[in-house]
Each structure stands twice: as structure tokens, then as C-alpha cells.
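I wanted to look up ring pairs and charges over rings.

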Amino acid sequence: MSDRSGQARALTSFTPIVSGRAGELRAYLRGLPRGPASPLARLLRTHFARWVIIDRLPTDPPDPDRLEQPYLLFTSCIDGEADSYLRELAEQLPGEAETIWSHCRGFPGARDAGAFARWLLDHHVPTSFFVANYPKATVHDVRQSLAAHEQLLRFALDTQGLDAPTRLERFRTAFRV
Amino acid sequence: MAGDPNKLGRASALTVLSAVKPRGVPLLRLLFFVGPHLSPLLKPLQRLSFIHFARWTLVRGLPGQDLRHVHLFFESNFNGTWSQYIDAFSYVVPKHISGIWRWSYGFPGPLPAGPFKAYIAEHEYEADHFYSAYPEASVTMILGALELRRDLDRLRARAPSMSAEAFDDAYRDLLTAHQNHL
Amino acid sequence: MRPFADTALVDRADLQGNILRGYGFAQAAYVLLRVEDERSGRRLIEDLLPRVTNAEPWSAGKPATTLNVALTYAGLRALGVGPDALAGCPEDFRLGMAARAEQLGDTVDHAPERWEAGLGTEAAHVLVMLNAQEEAGLDDALEDLRAKIGAAGLAVVHEQRAALLEGNREHFGFSDGFAQPAIEGDGVIATPGQGTPEEDGEWSELPLGEFILGYEDADRSRATAPSGPLGLNATYMVYRKLHQDVGLFRSLLRRHSGGDPGREELLAAKIVGRWRDGTPIELSPDGSDRERWRAADRINDFRFEGDLDGRRCPIGAHVRRTNPRDALGWHGTRTRRHRMIRRGMPYGPPLAPEATEDDGHDRGLVFVSFCASLSRQFETVQAQWCADGNIFGLGDDKDLLIVGDDRDTAKMTIQGDPPYFLSPQPRLVTVRGGEYLLVPSLAGLATLV
């Protein structure tokens with residue numbers, strides 16, 4: 001059982017949705033702004049995350065399971081520990097966290113970050129096998145590296161064909177050396 | 001907002017649940033336990049380089065509901081099209097796919113790709129909200145940038161004390177080493 | 001229920017010509033028509049059907065002209081094809097090329113809003129393709145066709161003539177058209193390098209169903225196709241008019257080679273992946289040597305596994321992007337389902353040999369290709385392999401030859417020690433318009449009469 005790969009963690013929670021409220025929750029989630037404007041963007045330790053309403057189970061077995069109520073699945077690939085991350089979630093997204101998880105049974109509210117974190121961790125399902133392609137890199141590392149790439153590419157294009165002293169001088173300026 | 005809910009920039013989300021046959025459960029547990037330590041197993045997945053993060057979880061019950069069957073939960077954050085992704089699994093690593101999903105009810109096998117794609121499509125869930133911290137970056141772009149930044153930082157550290165010629169050589173080496181990441 | 005034929009050999013009398021084997025004629029004309037009403041449309045098809053050229057070998061010598069017919073989805077509807085048959089049409093064909101613009105990278109100057117009249121609108125229904133050995137023959141055939149069109153009361157929405165240039169080159173000066181997929185049962189003897197690279201060093205032929213509807217493809221399945229006779233011995237066609245700015249291409253080469261003609265040729269070869277005479281740069285990195293490779297029928301016999309860092313043939317070179325062979329690893333596993341038959345032809349007069357600026361004449365390539373799945377074959381190559389570079393590890397880099405890139409960090413990397421960055425990346429090719437079409441069998445055409 002492993003939720004970890006390097007410094008990255010896999011968070012998976014299934015919280016039961018109060019009867020009749022799944023449709024409203026879905027509409028709210030689908031209406032959230034996407035990309036940098038997503039509320040999740042405020043959680044700087046989040047690589048990837050998703051909310052998915054699970055409203056059915058596979059019907060392949062001869063005696064398939066049937067959901068008594070739909071579940072809200074929340075998964076996240078994060079830097080560092082889950083507990084502090086979930087507290088941050090309650091602090092950075094108080095409005096959205098309240099709106100979203102208030103659709104779920106037993107939700108203690110998001111005002112008490114500790115209680116919120118504990119509640120979600122109670123609904124956490126440990127990962128069996130977590131694979132990360134860059135397990136040591138935090139979100140910050142990734143973003144900084146992408147920015148460095150952009151900067152070096154620009155520099156390489158701008159200084160192609162210039163003589164050595166000019167290039168060194170430009171490098172010192174561009175990279176603040 | 002418009003657009004495919006499972007896509008954001010280059011990033012794609014896949015969420016899949018399948019029911020596992022009883023005799024498959026201990027075998028999968030063993031596979032997942034040993035898996036991370038078997039690098040030949042993971043190598044082809046790494047070479048394919050389109051998975052940012054993926055996880056498999058054996059779900060025995062949900063909070064507030066017991067389940068008769070253990071379910072296999074799979075989520076992936078990858079780049080490329082859905083079709084390319086499933087095709088690559090079918091054609092390149094069919095044994096890996098088989099190893100994991102062979103005990104799931106209804107699994108048709110990794111090949112041919114057509115029925116396998118249909119199986120995944122039937123068992124997948126559309127994300128209601130999908131987020132990526134760097135949606136314009138692919139896995140190879142990130143891996144390349146991480147390495148590049150390390151070497152660039154080294155060069156930056158050395159630059160103050162270098163002659164123009166020495167810098168030129170070092171800079172040339174940097175570009176040459178990373179030309180396929182630029 | 002879709003009929004199927006499980007033999008590897010296709011019915012050549014039923015299949016239209018120029019698909020499995022190119023006619024090799026020097027002249028062509030493409031006439032796109034709008035069907036005003038079902039009856040007159042069907043009358044034209046009935047009129048043309050006896051003249052449609054099939055794929056049978058020419059026992060009595062080459063004809064002076066050939067005639068072939070294709071239809072868009074809108075055209076099938078306009079001719080009254082029923083919902084049952086239409087239901088089998090795949091989404092890519094149904095939506096048409098213009099609707100796929102975003103995916104294909106047909107934006108800004110390439111956008112359908114800027115396409116030539118008639119292309120990419122629902123008005124394009126029937127495409128009549130004429131091929132001829134001589135210009136005079138083509139003129140006659142066109143006159144004949146116009147009379148038939150007039151008699152049937154249809155309207156011409158787009159017309160394009162094309163002709164081979166001297167030496168079978170295209171307008172940028174490159175020998176073209178000789179690299180085609182090796183297909184089982186096509187009656188063409190495959191030369192090494194045309195097929196799928198296999199682990200044992202050999203090349204395997206592609207299943208017929210990768211190109212012809214109604215036959216088994218590489219996934220042991222049949223491509224999505226209309227039901228009934230329209231879905232057998234047929235194929236999907238890409239028609240795409242590509243304007244080429246030859247002056248801009250030449251000036252780009254000049255600018256980056258400091259006026260040295262030898263370096264210009266090398267740069268051109270690096271961009272394309274072949275020297276102008278067709279010799280692959282992978283086989284012959286220092287200079288073209290066509291006779292050596294051509295004579296031994298080995299002009300396509302190369303792989304990239306020994307050149308994964310792109311030092312001989314740049315990773316982003318055009319031919320490497322459009323047919324990566326084994327460059328994506330695991331031999332041909334990841335590339336074999338993305339091949340296309342190409343039968344395009346240049347159009348417009350050549351630019352004066354020394355000119356490095358456009359002279360205002362319309363010239364370029366009528367790109368024509370055939371495949372059994374537009375999205376898996378044409379669109380993957382265009383959108384994922386040319387309009388993007390990530391699958392090759394090249395991030396956002398686009399094919400310099402055929403895809404422009406306005407970003408200020410747009411470039412093509414010529415791998416080396418040190419690498420050379422070709423930048424900026426101007427728009428050498430502009431899409432003037434295109435269509436997705438179905439090329440039915442003769443039996444299929446007969447249902448449209």
C-alpha cells in the first residue's frame with residue numbers, strides 16, 4: 001500500500017453525497033472556472049486534482065454491486081503530507097470547500113480546518129500503487145524549471161552566432177550572474 | 001466553461017473503475033506490492049513518457065457502504081489524446097495491461113485495441129472538475145526542463161569567474177547536451 | 001449489415017483507380033460540384049459512371065485520360081443516401097475538414113474563414129478527378145465534363161488544375177511521391193522501407209484494411225464505414241490545397257547559409273529529411289547519392305534507430321515527422337497505424353529559378369491522400385506529428401516545411417555539436433482549403449444513380 005512516490009503523495013477520498021443533491025453538485029463543479037482561475041490553483045502544492053461524481057458501479061459481475069448513493073471522488077497529486085494539505089484547502093478555498101462538501105453526509109464544515117482535514121482523511125482510501133514520473137519535483141520546481149527553459153531558449157535564439165565575449169556579457173545580464 | 005472536461009491544455013484525465021474477480025484480489029495485491037521494485041516492469045512505461053502521475057487502488061468498501069466485490073480504481077494524469085494513450089498501452093505494453101486488468105470482470109484483453117478501448121470507455125467517468133498546475137507542459141517537457149535547470153544553475157554559478165572562451169565552451173556543452181529538450 | 005471481403009486481394013474491377021496504384025499521369029484536374037437537387041445529382045453520377053476508371057491493370061496500353069468520383073458527407077446526403085447507410089459514417093468524415101480546423105492547426109491564415117470559395121462549406125458535394133497524360137487531353141476531358149455538368153444542372157464550386165513539374169519535383173524543388181506504404185494485395189511489389197519496420201530487420205506490408213474499407217486492418221477489425229455497397233472497396237480521401245511560398249523558402253535557406261550554395265542544399269536536406277533528388281539524409285548525410293540508392297531500390301530503405309539523437313536526420317525533419325518508422329521505439333509498433341497513400345500533384349507555374357521573393361502567382365501542392373480512418377491516419381500525422389512536436393520530445397516545435405509558427409521562440413533544431421536553431425519559423429505553406437471525401441467503389445457509385 002503506497003500513497004507515496006518520492007516527495008509526492010496521492011490523495012483519494014470518497015464522500016457519500018446526500019440523497020437528491022448530486023445534480024446540483026455536478027452543475028456547481030462543472031461551472032467552476034478552469035485552469036489558473038480554478039479554485040485549486042490557490043493550493044500551490046497541487047500538481048493535478050479532480051472532482052468526479054461516481055454515480056454507478058460496473059455491471060460486469062453476475063451479481064454487481066449497486067451504489068446506495070452517489071459518491072464525490074476527490075483525488076489530488078500533491079507535494080508533502082496530506083494532513084497539512086487538507087488544512088490548507090480549508091483555509092484557501094473556504095467558500096468552495098463549504099459549497100462542494102456540504103453536499104456530502106457528515107460534513108463538519110470547512111471553518112475548522114483541522115476538523116475538515118480529519119473528516120476527509122477518514123474518507124481517504126489508501127493507494128495500492130502510485131506512479132510518479134518526476135517524484136522529487138514539487139510544483140514549484142516544475143514551474144521554475146519550465147521558466148528557466150523558456151529563458152534559456154530565448155537567450156539561445158537571441159545570441160546565436162554572436163562572439164564569445166558578447167555572449168558572456170549578455171548571459172551575465174540575462175541570468176543575473 | 002467549454003471544452004472536454006477530461007482535458008486541460010496538454011493534460012488529460014482518466015478515471016476508471018472495474019470489479020475484480022475474487023481470486024484476482026490477492027494476486028493484484030502482490031503485484032502492487034512488488035511492482036515499484038521491478039524496474040524492468042516500469043521501464044517501458046517510462047519510455048512511453050506520457051504519464052505524469054497514475055495510481056491504482058483496490059477498493060474494498062466505500063464509507064457508508066459495503067461492497068460485495070473488490071473494485072480496482074485507476075486514475076491517470078497523462079498527455080496526448082485518449083486514443084493515443086490506449087493504443088500505446090495495447091500495442092506497446094499489452095502484458096502490463098493484462099497483468100493488471102486480467103482479473104477484472106468483462107476485460108476483453110489488451111489486443112486487439114478496439115474492444116479494449118470500448119471497455120475503458122464503458123468503465124470511465126468524466127471529471128466534473130479537472131485541474132493541472134502546468135497544463136501546457138508535457139511529461140517530456142518537464143523532465144527536460146528539470147535536467148536543464150540543474151545544469152543551467154551550475155553554469156550560472158561558474159560564470160562570474162570564467163573567461164569568455166571557457167564560458168563559450170561550457171555554454172556550447174550545455175546546449176549540445178540539452179538540444180533535444182530546448 | 002456491412003458486407004465484407006476477407007481475402008487479401010481486393011476486387012480491382014470494383015475499386016476505383018489511382019488508390020492502390022498511382023496512374024503516374026502528368027496532368028490532373030479536380031472539379032468540385034454542388035448538387036442542387038437529388039434527381040439532377042443522380043443523373044450526373046449515372047452519366048459519369050460508365051466512364052469511371054477502376055483499378056484493373058491496363059492491358060491495352062495507358063488511356064489518354066482517366067476519371068474518378070468522390071463525395072463529401074454533405075454530398076451523400078444531397079444525393080439522398082438513407083440514414084441507415086449514413087449512420088455508419090465516422091465522425092471525422094461527417095464533420096468535414098473545416099470543422100476539424102482547431103485540431104489540425106488550421107488557424108489564423110489557414111483558417112476555413114480564409115479558405116477559397118467553395119471549400120470547407122457545405123456546398124461541396126461531388127468531386128470529379130480527371131487525370132491525363134497530356135494537357136490537350138485534359139482540356140478535352142474537362143470540356144466534356146463541363147457539358148455533362150451543365151446538362152445535369154449542377155454548379156461548379158471549386159476547380160483546380162495540377163501538373164507534374166519537371167523531374168517530378170514539387171515547388172520547393174524536392175522529388176516527391178515515390179514514398180508510399182507497402183500494402184498487402186495491392187499488386188505492387190514493395191521495395192524495402194515502404195512497409196512497417198519489424199524486429200528482425202525486415203519490412204512487413206500493411207493490411208489492406210488500413211486503406212480500403214471493408215477489409216481487415218492492423219487491429220483485426222474493419223474501419224468505420226457507411227453500410228452497404230458504399231462501405232466496401234472504398235476509401236476516405238483528403239483533398240487539401242496547399243499554397244507554397246517558394247520565394248520565402250529560398251530566402252530562408254539563403255539567410256541561414258551565408259550565401260554558400262553547398263550549405264543551402266544541406267540545410268534544405270536537413271529541413272526535409274531528404275536531399276532534393278530524394279536521397280534520404282539518413283542514408284547519405286554528407287551529400288546526395290541518388291543513383292547508389294535508387295539503383296538498388298533502396299531509396300526508402302532506412303530506419304532511425306541508429307540516429308535517435310537526430311545528428312544525421314534532424315528529429316523534426318519533415319519526412320521523419322510524417323513517417324517516423326521506428327523512431328518512436330518498439331520498431332514500427334507506434335507508427336504502423338498512421339500511414340497514408342499520397343497521390344497529390346503540384347499546381348501553378350514554377351517560380352523563376354533565381355527569385356527569392358514571391359511573384360504573386362498561385363502555386364503549391366494539391367495534397368491528396370487515401371486512408372481508412374481520417375482521424376487515426378491523416379489527422380494524427382497532421383495534428384500530432386506536424387503541428388506539434390511533443391511525441392518526438394520536441395515540445396511545441398512544429399514542422400518547419402509545412403506548418404508556420406508565429407511565436408517569437410518558434411524554431412527548428414538542427415541537431416549537432418553545437419545545435420543550430422532555425423528561427424524564426426515563417427509560414428511557408430498556407431492551407432487554401434480542403435475537404436474530406438469518400439471514394440466509393442463502382443458498385444457503391446451505382447447506388448447513387
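I began with Tyr171(B), which is buried at a relative accessible area of 4% (buried is under 20%, exposed over 50%, partly exposed in between; 1.4 Å probe, protein chains only). The model is predicted: local features need pLDDT of at least 70, side-chain atom pairs count only at pLDDT 80 or more, and totals for chains, interfaces and linings use all residues. Residues are numbered from 1 along each chain as its sequence is written, chains are lettered from A in the order in which they are written, and side-chain values use heavy atoms, without hydrogens and water.

Phe167(B) and Tyr171(B) are stacked, because their ring centres lie 5.8 Å apart with the planes at 20°. My criteria for Phe, Tyr and Trp (its six-membered ring): centres within 6.5 Å; planes under 30 degrees apart are stacked, over 60 edge-to-face, the rest tilted. Both residues sit in helix H7 (residues 164-178) of chain B, four residues apart, about one turn of the helix. Helices (H or I, at least four residues) and strands (E, at least two) are DSSP runs, numbered from the N terminus. Phe167(B) is buried at 0% relative accessibility.

Next I checked chain C. Phe378(C) and Tyr436(C) form an edge-to-face pair, with centres 6.1 Å apart and planes at 85°. This pair links distant parts of the chain, 58 residues apart: Phe378(C) is in helix H11 (residues 374-386), Tyr436(C) in strand S13 (residues 429-439).

Last, I looked for charges over rings (NZ of Lys or CZ of Arg within 6 Å of the ring centre and within 35 degrees of the ring normal). Arg47(B) lies over the face of Trp330(C), 4.8 Å from the ring centre.
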